[in-house]
Amino acid sequence: MIDAIINYEFLQNAFFSGLLIGIIAPLLGVFIVVRRMSLIADALSHVTLAGIAGSLYLSQTFTVLALINPIYLGIVASVSGSILIERLRTLYKHYEELAIPIIMSGGIGLSAIFISLASGFNTDIMSYLFGSVSAVSRQDLWVVIAITIVVFLFLYTFFKEMFVLSFDEEFAKASGLPAKTIHLLFMVVVALVIAASMRIVGILLVSSLITLPVAASMRIAKGFKQTILFSILFGEAAVILGLVSAFYLNLAPGGTIVVTSILILLIVILGKKAAMKMKAERV
Amino acid sequence: MSEPIIEMKNVSFQYEYTQVLNNISFKVNEGDFLAILGPNGSGKSTLLKILLGLLKPQSGEIKLFGQPNETFRQREWIGYVSQKSNAFNSGFPATVEEVVKSGLTKKVGMFKRIPKDALLQVQDALKAVGMERFSKKNIGELSGGQQQRVFIARALIAKPKILVMDEPTVGIDHENVQSFYDMLYSLNKEQNITIILVTHDVDTVSNRISHVACLNQTIHFHGYKQEFDEISQEQLDKWQGHAVRKIH
């Protein structure tokens with residue numbers, strides 16, 4: 001595999017993008033999970049699909065647009081979706097989760113229209129749905145690098161504010177932090193990460209890389225920083241094992257990465273149970 | 001007589017069509033330990049939110065440390081301890097130390113990191129609430145009363161002049177309420193922190209408190225604790241809107 005990575009540019013693209021996503025998706029995922037927003041990630045990924053499908057349709061109709069990477073329209077759709085969700089959440093104060101099905105079905109609906117306009121599924125759209133080892137371009141890698149930088153800048157600047165906001169929103173507001181602004185920025189960054197991740201794991205499975213490593217980490221970590229650390233470790237392990245097996249077995253990486261994440265989660269849950277049992281027996 | 005550090009004048013507030021607070025006026029002096037009592041729906045939480053600048057009243061005037069509430073910027077002078085039960089998710093993966101340290105966020109300021117020596121301040125704040133042995137525990141592993149103390153430490157670390165608490169005794173076992181009040185009393189006396197707490201539970205009001213205000217849309221009584229102990233049953237009924245027995 002290492003030989004192949006050195007020799008083939010497409011593998012470099014996929015592998016390096018995967019490594020970066022394996023860091024940023026679980027990193028933001030910790031904040032998403034503790035704020036009970038896991039489903040928002042799912043809704044946004046479906047909106048991203050609408051952007052991608054729209055872009056693919058447009059490039060079919062207007063050949064000039066074929067040069068434009070669909071990921072850009074995906075990013076635009078995802079970021080607009082995140083802002084729309086926020087608007088809806090303030091509109092339906094007592095039914096905040098209502099924003100999720102509205103945006104999610106909107107995203108899938110639009111995607112369905114664009115896909116049928118572009119006369120059905122083709123391999124392109126399949127690679128966006130379930131990820132791909134071979135379809136990641138150098139341009140995609142640059143986009144992922146740029147988004148990784150944005151994520152690090154955001155958390156470098158607002159880490160302590162994000163912690164307070166996630167732990168206790170009322171306290172954050174009462175102590176005079178600009179909670180609304182930071183939250184909106186956070187949503188935009190989440191949208192960017194979703195758009196970045198979909199090239200590797202695919203739109204339908206983006207939320208897995210955001211939530212599964214965090215779910216495993218929370219079982220064993222002590223404290224917040226450790227939760228982040230373990231989440232990234234599990235995320236990276238899933239991406240590396242998933243990409244390698246996808247490459248050798250010729251499978252969609254979205255599938256192998258998710259299955260690996262679930263295996264990690266199971267090992268952690270069962271391992272912790274066994275450890276607790278042994279501890280109890282010793283006492 | 002010291003200057004009032006909180007002053008409300010004719011404050012009224014309504015949510016859409018419901019009048020919640022009607023013409024509230026009161027003052028809090030530095031060093032007071034005030035309990036605002038009121039039955040459910042009497043507007044206690046709304047009053048606190050107005051005080052914290054989270055809600056704007058339709059009319060009236062509020063002054064904090066002599067400055068109008070709208071332009072008051074030293075929010076870190078007011079330490080807020082939210083009502084435990086609804087504010088936080090008990091499975092949150094954070095240690096006591098991380099939670100207390102986060103109380104410095106506003107004070108340290110945007111775009112700056114919390115300094116390394118903050119851990120000493122964390123220990124001091126935990127000591128003040130008698131929780132120094134728990135700093136490495138996850139917050140979810142503690143009992144309700146212990147969590148409440150940690151939240152007070154989180155407010156204390158920013159060295160506030162006023163501590164504002166929403167229903168602080170909810171989630172604390174009855175036998176521990178007295179020691180909880182003892183701890184607040186020592187903060188009030190030794191560190192000279194003004195304390196304002198709201199509670200619906202008349203029974204838990206301790207002798208450690210210096211002042212009592214009875215709220216039900218409007219202030220029915222505001223005075224020393226001793227005076228409150230002497231008010232008649234009829235007055236109490238009138239305030240609460242229904243018959244409640246006073247227990248001594």
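Predicted model: local features only at pLDDT ≥ 70, side-chain atom pairs only at ≥ 80, totals over all residues.

Visitor: Which residue forms a salt bridge with B:D229?
Guide: Look within helix 8 (residues 225–230) of chain B, where both partners lie, 4 residues apart, about one turn of the helix. The closest N and O atoms of the pair are 3.0 Å apart, and the partner is B:K225.

Visitor: How many residues apart are A:R138 and A:E9?
Guide: These two form a salt bridge, with the closest N and O atoms 4.0 Å apart. A:R138 is partly exposed at 32% relative accessible area, and A:E9 is partly exposed at 43%. A:R138 belongs to helix 7 (residues 138–167) of chain A and A:E9 to helix 2 (residues 9–34) of chain A, so the pair links distant parts of the chain, and the separation is 129 residues.

Visitor: Are A:K160 and A:E161 buried or exposed?
Guide: Their side chains meet in a salt bridge, 3.1 Å from N to O. Buried stands for under 20% relative accessible area. Both A:K160 and A:E161 are buried.

Visitor: Which strands stand at the edges of the open sheet in chain B?
Guide: This sheet of 4 strands has the order 2-1-4-5, with antiparallel pairing. An edge strand here has a single partner strand, so one side of each is left without a neighbour in the sheet; the two are strand 2 (18–29) and strand 5 (67–68) of chain B.

Visitor: Which residue in strand 8 of chain B stands opposite B:L34?
Guide: Start from strand 3 (residues 33–37) of chain B, where 5 of 5 residues are buried. B:L34 and B:I36 point one way from this strand, and B:F33, B:A35 and B:L37 the other way. Strand 3 of chain B runs parallel to strand 8 (residues 194–199) of chain B, with 5 bridges joining them. The residue opposite B:L34 is B:I196.

Visitor: Which helix gives the most to the nonpolar patch?
Guide: The patch covers about 680 Å² of surface, and its residues include A:L58, A:F62 and A:V76. A:V76 is partly exposed, with a relative accessible area of 48%, and its place is in the helix you ask about. With 3 residues, the one that gives the most is helix 4 (residues 70–91) of chain A.

Notes:
Residues numbered from 1 in each chain as written. Chains lettered and ligands numbered in written order. Heavy atoms only, no water. Pairing = 2+ DSSP bridges. Patch = residues over 30% accessible without salt bridge, like charges linked within 9 Å, V, L, I, M, F, W, Y side chains within 5 Å. Areas by Shrake-Rupley, 256 points an atom, 1.4 Å probe, with all protein chains shown as cover. Buried < 20%, exposed > 50% of the residue type's maximum accessible area, 1.4 Å probe, protein only.
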